[in-house]
Amino acid sequence: MAVSPGDLVKLIFRSIPDSGEWGAERMWVIVTATDGAWLTGTLDNDPLDMPQLSAGDRVTFARGHIIDIDRS
């Protein structure tokens with residue numbers, strides 16, 4: 001999967017501990033760096049039910065975790 005810094009990717013986040021309303025949330029991340037199978041990015045959403053995350057947080061994820069890409 002060809003993803004580069006600046007691309008916007010959608011990931012599924014599971015809350016730890018479990019959230020009160022949903023088991024998971026789908027959120028956008030702006031890719032900032034790539035290193036083989038691993039990528040780093042900045043969360044581009046404010047989660048609805050995950051107080052431990054907020055927009056601007058740094059996240060690291062595998063290419064296989066990407067469920068959508070927005071290159072526009």
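A contact here means heavy atoms within 4.5 Å. In this predicted model, contacts of the protein chain between residues at least 6 apart in sequence include 46% that join residues at least 24 apart.

**Overall architecture**

The protein chain contains zero helices and five strands, and its elements follow the order β-β-β-β-β from the N terminus. The radius of gyration is 12 Å, which agrees with the value near 11 Å that a compact globule of 72 residues would have. Along the principal axes, the C-alpha trace spans about 35 × 20 × 20 Å. Of the 72 residues, 33% count as buried. As for charge, the mean positions of the 6 positive and 11 negative charges lie 8 Å apart.

In soluble globular proteins, nonpolar side chains tend to be buried together. In the protein chain, the largest nonpolar core has 14 residues, and those with the most contacts inside it are Val9, Leu11, Phe13, Val29 and Phe61. At least two residues of this core come from each of strand S1 (8–14), strand S2 (24–35), strand S3 (38–43) and strand S4 (58–62).

Which residues does Val29 touch, not counting residues up to four places away in sequence? Its partners are Asp7, Leu8, Val9, Leu11, Phe13, Gly41, Thr42, Leu43, Asp44, Val59 and Phe61.

Thr32 is found in strand S2. Is Thr32 buried or partly exposed? Thr32 counts as partly exposed because its relative accessibility is 44%, and the range for that class runs between 20% and 50%. Beyond residues up to four places away in sequence, Thr32 touches Pro5, Thr40, Gly41 and Thr42.

Arg71 lies in the segment after strand S5 (66–70). With a relative accessible area of 52%, Arg71 is exposed, since the class begins over 50%. Leaving aside neighbours within four places in sequence, Arg71 is in contact with Ala2, Val3 and Asp7.

The table sets out the C-alpha to C-alpha distance for one pair involving each of these two residues.

| Pair | Separation in sequence | C-alpha to C-alpha distance |
|---|---|---|
| Thr32 and Phe13 | 19 residues | 18 Å |
| Arg71 and Ser4 | 67 residues | 9.5 Å |

Conventions:
Residues numbered from 1 in each chain as written. Predicted model: local features only at pLDDT ≥ 70, side-chain atom pairs only at ≥ 80, totals over all residues. Heavy atoms only, no water. Helix = DSSP H or I, 4+ residues; strand = E, 2+ residues; numbered from the N terminus. Rg over C-alpha atoms; globule rule 2.2 N^0.38 Å. Buried < 20%, exposed > 50% of the residue type's maximum accessible area, 1.4 Å probe, protein only. Lys, Arg positive; Asp, Glu negative; His and termini not counted. Charge placed at Lys NZ, Arg CZ, Asp CG, Glu CD. Core = buried A, V, L, I, M, F, W, Y, C linked by side-chain atoms within 4.5 Å.
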